[in-house]
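Open the model in your viewer and keep the selection panel at hand. The tour goes stop by stop.

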Amino acid sequence: MFGSPGLDRSKLSDAPRTVPDMAELPEIEARLTAVEARLDVVAADAAATRHLAAARDRDLADFGVKVDANRAVISALGEQTAARFDRLEERFDGLEGQMHAGFTQMRAGFDQVAGGFEHIGGLLDELVRREPPTG
């Protein structure tokens with residue numbers, strides 16, 4: 001990686017390390033500049049990732065709030081519907097009682113009418129027995 005392209009590394013293994021030649025410094029500076037540029041891109045990517053993660057967390061929190069609100073509305077609607085059915089049931093029970101009382105009164109009236117018809121029939125029978133048939 002580092003060093004001159006024509007450098008024999010086997011000779012360097014035993015040699016003491018020294019400061020690179022001045023000719024190599026521009027290459028090192030160029031490579032360092034490239035690494036810094038890549039580091040800026042990576043840092044920007046990391047910032048974007050943190051921003052997206054925070055936005056995701058906010059979205060999930062908002063979604064949770066909306067789910068809770070919908071659950072509360074559905075629960076309230078169920079309670080309201082149950083209360084309405086209870087009121088309807090009470091009304092039908094009242095109407096059923098009134099209807100039963102009305103039928104009882106009608107039956108009593110029909111019994112009176114039947115008794116009246118029976119009395120009229122008895123009177124007619126008596127009248128027929130008293131008067132001889134004409135004819």
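**Whole chain**

This is a predicted model. Show the cartoon first. The secondary structure comes to two helices and zero strands. Now color by accessibility. How much of the chain counts as buried? Of the 135 residues, 1% do. The chain exposes about 12500 Å². Carbon and sulfur atoms supply 63% of that area.

**Helix H2**

Select residues 25-130. This is helix H2, and Phe 117 lies in it. Keep H2 displayed for the stops that follow.

**Salt bridges**

Side chains of opposite charge can pair when their charged atoms come close. The structure holds four salt bridges. Three of them are visited here, including the pair of Asp 68 and Arg 71.

Select Asp 68 and Arg 71. They form a salt bridge, with the closest N and O atoms 3.5 Å apart. Where do the two sit relative to each other in helix H2? They are three residues apart, so about one helical turn separates them. Check the accessibility of each partner. Asp 68 is partly exposed, at 46% relative accessibility. Arg 71 has a relative accessible area of 55%, so it counts as exposed.

Next, select Arg 107 and Asp 111. Another salt bridge is here, and its closest N and O atoms are 3.6 Å apart. The two residues are four apart in helix H2, which means a separation of about one helical turn. Is Arg 107 buried or exposed? Arg 107 is exposed, at 52% relative accessibility. Asp 111 has a relative accessible area of 42% and is partly exposed.

Go on to Arg 130 and Glu 126. Their side chains meet in a salt bridge, 2.5 Å from N to O. Both residues lie in helix H2, four residues apart, or about one turn of the helix. Arg 130 is exposed, with a relative accessible area of 62%. Glu 126 is partly exposed, at 35% relative accessibility.

**Negative patch**

Hide the pairs. Select Asp 86, Glu 89, Glu 90, Asp 93 and Glu 96. Together they form a negative surface patch. Center on Glu 89, which lies in helix H2. Its relative accessibility is 48%, so Glu 89 counts as partly exposed.

**Nonpolar patch**

For the last stop, select Val 113, Phe 117, Ile 120, Leu 124 and Leu 127. Which kind of patch do these residues form on the surface? The patch is nonpolar, with about 490 Å² of accessible area together. Zoom in on Phe 117, which lies in helix H2. Phe 117 has a relative accessible area of 59%, so it counts as exposed.

Terms used
Residues are numbered from 1 along each chain as its sequence is written. This is a predicted model: local features need pLDDT of at least 70, side-chain atom pairs count only at pLDDT 80 or more; totals for chains, interfaces and linings use all residues. Side-chain values use heavy atoms; hydrogens and water are left out. Patches are made of residues with over 30% relative accessible area and no salt bridge: like charges are joined within 9 Å, nonpolar side chains (Val, Leu, Ile, Met, Phe, Trp, Tyr) within 5 Å. Accessible areas come from the Shrake-Rupley method with a 1.4 Å probe; for residues, only the protein chains shown count as cover. Buried means under 20% relative accessible area, exposed over 50%, partly exposed in between (1.4 Å probe, protein chains only). Lys and Arg count as positive and Asp and Glu as negative; His and the chain ends are not counted. The place of a charge is taken as NZ of Lys, CZ of Arg, CG of Asp or CD of Glu.
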